[in-house]
There are 2 protein chains.
Amino acid sequence: MTRRAVVLLSGGMDSAVCLHAAHREGFELYPLSFRYGQRHHQELQAAEALVAALPVARWMILDLPLDAIGGSALTDPGQTPCKEGPGSGIPATYVPARNTIFLSLALGWAETLNASDLFIGVNAVDYSGYPDCRPAFVSAFTTLANLATREGIANRPFVIRAPLQHLSKAEIIHLGMELGVDFSLTRSCYDPTPHGLACATCDACRLRLAGFQAAGITDPIRYARS
Amino acid sequence: MTRRAVVLLSGGMDSAVCLHAAHREGFELYPLSFRYGQRHHQELQAAEALVAALPVARWMILDLPLDAIGGSALTDPGQTPCKEGPGSGIPATYVPARNTIFLSLALGWAETLNASDLFIGVNAVDYSGYPDCRPAFVSAFTTLANLATREGIANRPFVIRAPLQHLSKAEIIHLGMELGVDFSLTRSCYDPTPHGLACATCDACRLRLAGFQAAGITDPIRYARS
């Protein structure tokens with residue numbers, strides 16, 4: 001039987017590269033996306049386009065009321081994501097326990113599917129700011145996954161795969177080009193215009209633009225101003 | 001400031017005792033319940049009654065589409081919970097990664113609330129069958145919680161409190177009586193009648209009835225047959 005992988009797919013460039021990396025490794029693909037009250041819900045349209053571009057066994061979108069929990073500029077209509085550029089602390093766009101919540105649901109689905117591999121696009125750029133993108137987090141979740149589940153205690157099969165973990169944005173872009181990712185389908189902006197153009201000034205846009213510049217490649221998506 | 005606690009509250013007797021235990025310790029109470037596609041959704045009415053019986057700061061019910069993930073007799077309308085009595089393996093009512101998912105959401109809310117203590121009613125009876133009720137699971141989640149969050153990496157404050165962990169059902173009932181729990185408000189049955197009577201034959205009913213018998217106390221709820 002082909003091995004199955006659950007791949008967290010936001011619609012951003014990192015998760016797009018992750019999905020292609022899992023495909024290249026020969027996994028049967030089960031991408032998982034969330035409608036969690038994010039202000040940048042247009043990323044789900046990007047996820048849909050990315051799913052259409054690959055042979056995917058089943059795409060699941062789960063509704064998660066993280067806006068009810070609050071605590072983040074990404075899910076609070078009253079807050080605007082920072083436009084000052086990445087700083088040294090944890091950004092206002094941090095969503096409390098988000099990757100723990102996303103991986104938990106991916107784990108539940110993986111156990112049902114008899115999938116052992118969970119892909120997540122965390123990377124070096126993110127983990128400078130977000131606690132739940134660091135290698136120590138990924139490692140602790142792997143330990144938990146194999147204690148928390150029927151399959152886990154029987155066979156300890158679960159592996160959290162973070163193939164971008166030690167890559168810069170430019171390296172991720174180069175890897176994506178090599179894997180055939182169509183970056184024009186991806187969306188990263190936290191604060192897009194009503195017509196879906198990226199703002200060019202939120203942290204996500206700044207990191208993306210800097211990554212393409214460092215990679216020496218033109219970002220194929222459209223920006224409202226740049 | 002009064003210390004705050006997020007308490008997972010299903011509406012069953014274990015979580016009811018947990019809620020009272022957190023109250024006795026002087027915590028400001030933030031019970032958290034889930035509408036997760038469970039066939040025994042009447043337990044949420046029990047949760048509501050339990051919340052009304054104590055001074056609760058805020059009760060949150062989150063909608064979680066665990067039935068979309070599948071893999072359990074508790075969320076699959078096509079399956080019936082086992083009526084054969086508890087066996088030695090993991091029961092069909094096991095929901096993949098459920099406590100990991102519930103605790104992850106509790107963690108996100110706790111971080112937003114500046115609460116450090118998360119209460120969960122797992123106990124010795126459950127962890128004979130469910131992997132995510134064992135002390136090793138609780139311990140691994142605590143480690144994860146303090147790596148996965150802004151507060152966690154700054155101050156390592158999160159504690160997963162499982163005050164029933166080493167108690168039998170009879171001991172839990174005695175503790176509940178001492179704490180003033182009104183057990184007539186609680187619901188445990190996995191397969192209640194349309195009128196809300198407990199079936200007396202599912203695993204949850206059998207464990208509950210045996211617990212009351214061992215405690216020498218009459219269970220105050222009504223059963224369809226017994």
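These legends walk through close-up views of a predicted model.

**View 1. The contact between the chains, seen from the side of chain B.** Chain B brings 37 residues to the contact, and chain A brings 37 residues as well. On the side of chain B that touches chain A, at least two residues each come from strand E3 (60-63), helix H3 (66-69), helix H4 (98-113), helix H6 (135-148) and helix H7 (150-155) of chain B. Look to H4(B) for the largest share, which is 10 residues. Sorted by class, this side of chain B holds 23 nonpolar, 10 polar and 4 charged residues.

**View 2. The open sheet of chain A.** Five strands make up this sheet, and you can trace them in the order E3-E2-E1-E4-E5 (chain A), with parallel pairing. Its edge strands are strand E3 (60-63) and strand E5 (159-161) of chain A, each of which pairs on one side only. Leaving direction aside, neighbouring strands of this sheet are turned by 25° against each other on average.

**View 3. Strands E1 and E2 of chain A, with helix H1 packed on the sheet.** Strand E1 (residues 4-8) and strand E2 (residues 28-35) of chain A pair in the parallel sense, and 5 bridges join them. A handy pair to pick out is Val6(A) with Tyr30(A), its bridge partner in E2(A). Helix H1 (residues 13-24) of chain A packs on the sheet, where this helix touches E1, E2 and strand E4 (117-119) of chain A. The direction of H1(A) makes about 175° with that of E1(A).

**View 4. The open sheet of chain B and its edges.** Here too the sheet is open and has 5 strands, in the order E3-E2-E1-E4-E5 (chain B), with parallel pairing. E3 and strand E5 (159-161) of chain B stand at the edges with a single partner strand each, so one side of each has no neighbour in the sheet. From one strand to the next, the twist averages 25°.

**View 5. Strands E2 and E3 of chain B, with helix H4 packed on the sheet.** Strand E2 (residues 28-35) of chain B pairs with E3(B) in the parallel sense over 4 bridges. Within this pair, find Phe34(B), which stands opposite Leu62(B) in E3(B). H4(B) packs on the sheet and touches strand E1 (4-8), E2, E3, strand E4 (117-119) and E5 of chain B. Its direction makes about 160° with that of E1(B). H4(B) also supplies 10 residues to the side of chain B that touches chain A.

**View 6. Helices H1 and H8 of chain B where they cross.** The axes of helix H1 (residues 13-24) and helix H8 (residues 169-179) of chain B come within 10 Å and cross at roughly 45°. That angle makes H1(B) oblique to H8(B). The crossing of these helices, H1(B) and H8(B), is left-handed. From H1(B), Met13(B), Asp14(B), Ala16(B), Val17(B), His20(B), Ala21(B) and Arg24(B) meet Ile172(B), Leu175(B), Gly176(B) and Leu179(B) of H8(B). The residues of this contact of H1(B) with H8(B) divide into 7 nonpolar, 2 polar and 2 charged.

Terms used: Residues are numbered from 1 along each chain as its sequence is written. Chains are lettered from A and ligands numbered from 1 in the order in which they are written. This is a predicted model: local features need pLDDT of at least 70, side-chain atom pairs count only at pLDDT 80 or more; totals for chains, interfaces and linings use all residues. Axes are lines fitted to C-alpha atoms, for helices over the stretch in contact, and angles run from 0 to 180 degrees between N-to-C directions. Angles under 35 degrees count as roughly parallel, over 145 as roughly antiparallel, 65 to 115 as roughly perpendicular and the rest as oblique. A crossing is left-handed if the near helix is turned anticlockwise from the far one by less than a right angle, and right-handed if clockwise. Two residues are in contact if their C-beta atoms, placed from the backbone, lie within 7 Å. Ala, Val, Leu, Ile, Met, Phe, Trp, Tyr, Cys and Pro count as nonpolar, Asp, Glu, Lys and Arg as charged, and the others, Gly among them, as polar. Two strands pair if DSSP finds at least two bridges between them.
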